[in-house]
Amino acid sequence: MSGTFVGMPAFPKAAHDALGNATLRGNLRHATHTIRAKRARAVAELDDWAALREAGRRIKDHTLRHLDRYLVQLEESVTAAGGTVHWAADADEANRIVAELVKATGESEVVKVKSMATQEIGLNEALLEEGIHAYETDLAELIVQLGEDRPSHILVPAIHRNRREIRDIFRSQMGEWGRPAPEDLTDAPAELAEAARLHLREKFLRARVGISGANFMVAETGTLVVVESEGNGRMCLTLPETLISVVGIEKIVPTWRDLEVFLQTLPRSSTAERMNPYTSMWTGTTDGDGPRTFHLVLLDNGRTDTLADQVGRQALRCIRCSACLNVCPVYERAGGHAYGSVYPGPIGAILSPQLRGTASEIDASLPYASSLCGACYEVCPVAIDIPEVLVHLRERVVEGGPAVRQGNKVMLRPAKGHAAERAAMRAARWAFTRPAALRSGQRLASRTRRLHPRTLPGPGRAWSGTRDLPAVPAEPFRDWWQRTRGGKDGTK
Amino acid sequence: MSSRERILGRVRRALADVTPDERPYAEAVPRDYLREHGARTTEQTVELLAGNLADYRAIVHRSDAEELPYLVMRLLNQHGSQEVLVPPGLPPEWMSAADPVRIHDRAVSTAQRLDQVDSVVTGCAVAIAETGTIVLDGSPDQGRRRISLIPDHHICVVRVPDQVVSSVPQALERLDPARPLTWISGPSATSDIELDRVEGVHGPRTLEVVLLS
């Protein structure tokens, strides 16, 4: 994934630092609580939500289980409609394809619709190395790009910024990139939106190349779908002469009819609206309307590795609504940056370690970035059992075992950092199978309880750094039971 | 080996556990969700459309064929429009009373030129009551996608009740995926500042929907 995140500290360290930022916590709390209540209302409007959710789950599962067939069908239908299909096994290949396509047009700037796939592969940075400037046009992406920041949310990448911070970024940075912000810009959201409109307008009107992702690709018709709010998507999808869409291979649905499920569940889950302001659907190219050239780049980049895991593959059902982020108590407090990936929150905690593997410190720590409360599973519109996958990935980190990386079977080694835990478990097994030893040990612990440290020494330090050690009672339970016969004789 | 073959090979190896006799698509997906939500008369469905459009800040008007030219005239005057874009197949009588200069969208017109036009008047392909959505499909009374995008003021005429459906599933049945489709639910908006909805970003900031009966 994007080089931006290389060398990120593990989640506990990053989260610990983020927790010290009171502004960040305030911004996140405000935003996630606003959207939570609205989403619940939008979902409650549909009596058949459970049936829609189940249909969405089954459509995605069926597609994934026959993905080879649907990919070939999609390629045929997109080609028949006038598009050109490219295949990219990894981020580098996708970036190379896009850069070559842009260069072939003779252009040195492109306008972009917000897309997770192009974020994931670090397309903007790769294009810049080739002398091509990519302008983000989604308001939140613009805030991130102007602020030289990193995204912290799937839907609203600048969720960690409040209106005053956004105003300051616009005032100081817009002039560097194009039309400056108005002198008297205030922090009223409507004024900030107006400033973005004016700043980006000239870029839209002169753009010759647009780059997008897609929310859905329909195999039977070759139709691509982009769901958005601002109209920047429509601008990028219709005004340029060349359109390049980079889409993960898991975004396929088999039929046109399948959209009837997701166009009901996605807007209500993401922005809590009955319908988002704009949805664009296009099938190849249309004479006299929109781009004359259309390229579709199908992206693997770890998706087939994820598909090979029978428990973990359900993560590929994700439609990127971000409802799981908005309800997550861990995300609300730690913020998106701590996850060290363009995919933060609960879905990121199961997607990043599967797409990238668990070799790095941050990826090995992500399956633990959860209290397993299950709120994410409850709200997921395609019923991804995130807690189940988290536990599965924890097991993989600790125990190691077979996995697939870049299409090759590998044997993962057990994590080193868990030696102390394994030793503690072995000691516990020894003690619990020897009643006499357990009793002596418990009595000794009770008698010495005033001398116990509040934190563990040595390898136990990390464990007790975030937990209180359990208080040892003055008398072991089994002694108390024998002395009082379970409290029946009234003594305490 | 091409990347196409490499990726398809990886997919097939990843799916080694999938048996060839798995349930086919038609049986794999239960369709027991509703075709529409609630039972309504035609008039109630139109009412719901009007209510949901207004809920997302579209301005809703009602008119009949006789009154429509004067309503369009009034709306354009209120907006102070000097020029109005018209798609090639817009019924001429809709614009018969309008004062502003009619600009026809031609293939050679640049986006910069269209940016100077104040308003656009279009028909639509279908309107969805439950979500307050109008869908354009590039038919002659709607024109190219860009004409309903660049001007800041969009007047969209919906023929009621013929063009109105209750739900998203019913709308998809009526639409042709081979055409370029634009689904519009209220004026351009964003939730990007503190996850709160604000109207008015890149698309038309004023959306007026005329329900024509």
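In which sense, left-handed or right-handed, does α3(A) pass α12(A)? I started my notebook with that one, and the crossing came out left-handed. I noted the rule too: left-handed means that the near helix is turned anticlockwise from the far one by less than a right angle, and right-handed means clockwise.

**Ground rules**

I am working with a predicted model, where local features need pLDDT of at least 70, side-chain atom pairs count only at pLDDT 80 or more, and totals for chains, interfaces and linings use all residues. Residues are numbered from 1 along each chain as its sequence is written, chains are lettered from A and ligands numbered from 1 in the order in which they are written, and side-chain values use heavy atoms, with hydrogens and water left out.

**Entry 1: α3 and α12 of chain A**

I looked up the geometry of this pair: the axes of α3(A) and α12(A) come within 10 Å and cross at roughly 115°. Axes here are lines fitted to C-alpha atoms, for helices over the stretch in contact, and angles run from 0 to 180 degrees between N-to-C directions. Helices are DSSP runs (H or I, at least four residues), as are strands (E, at least two), numbered from the N terminus. α3(A) and α12(A) are therefore roughly perpendicular to each other.

Next I listed who meets whom, with contact meaning heavy atoms within 4.5 Å. From α3(A) I found residues including Trp49(A), Leu52(A) and Ile59(A), and from α12(A) residues including Val261(A), Phe262(A) and Arg268(A). By class this contact has 6 nonpolar, 4 polar and 2 charged residues. For the classes, Ala, Val, Leu, Ile, Met, Phe, Trp, Tyr, Cys and Pro count as nonpolar, Asp, Glu, Lys and Arg as charged, and the others, Gly among them, as polar.

I followed chain A into the loop between α12 (259-270) and β9 (278-283), where Ala272(A) lies. Phi of Ala272(A) is near 60°, a positive value in a residue other than glycine.

What does Arg274(A) meet in a salt bridge? The partner is Glu45(A), at 3.1 Å from N to O. A salt bridge is a side-chain nitrogen of Lys or Arg within 4 Å of a carboxyl oxygen of Asp or Glu. Glu45(A) sits in the loop between α2 (22-44) and α3 (49-65) and Arg274(A) in the loop between α12 and β9, so the pair ties together parts that are 229 residues apart in sequence.

**Entry 2: α16 and α19 of chain A**

I found α16 (345-355) and α19 (386-399) packing at about 40°, with their axes 10 Å apart. That makes α16(A) oblique to α19(A). This crossing is left-handed. Among the contact residues are Pro346(A) and Ile350(A) of α16(A) and Val389(A) and Leu393(A) of α19(A). The contact divides into 9 nonpolar, 1 polar and no charged residues.

**Entry 3: where chains A and B meet**

I counted 75 residues of chain B in contact with 101 residues of chain A. The two chains bury about 7700 Å² between them, 56% of it on carbon and sulfur atoms. Buried area is the accessible area (1.4 Å probe) that two parts lose on being put together, summed over both.

There are 13 salt bridges between chain B and chain A. I looked up Asp300(A) with Arg10(B), whose closest N and O atoms are 3.0 Å apart.

**Entry 4: a cis bond in chain B**

Lastly, I found a cis peptide bond joining Val160(B) and Pro161(B), with omega about 0°. Pro161(B) is in the loop between β7 (153-159) and β8 (164-165).

Methods. Parallel < 35°, antiparallel > 145°, perpendicular 65-115°, else oblique.
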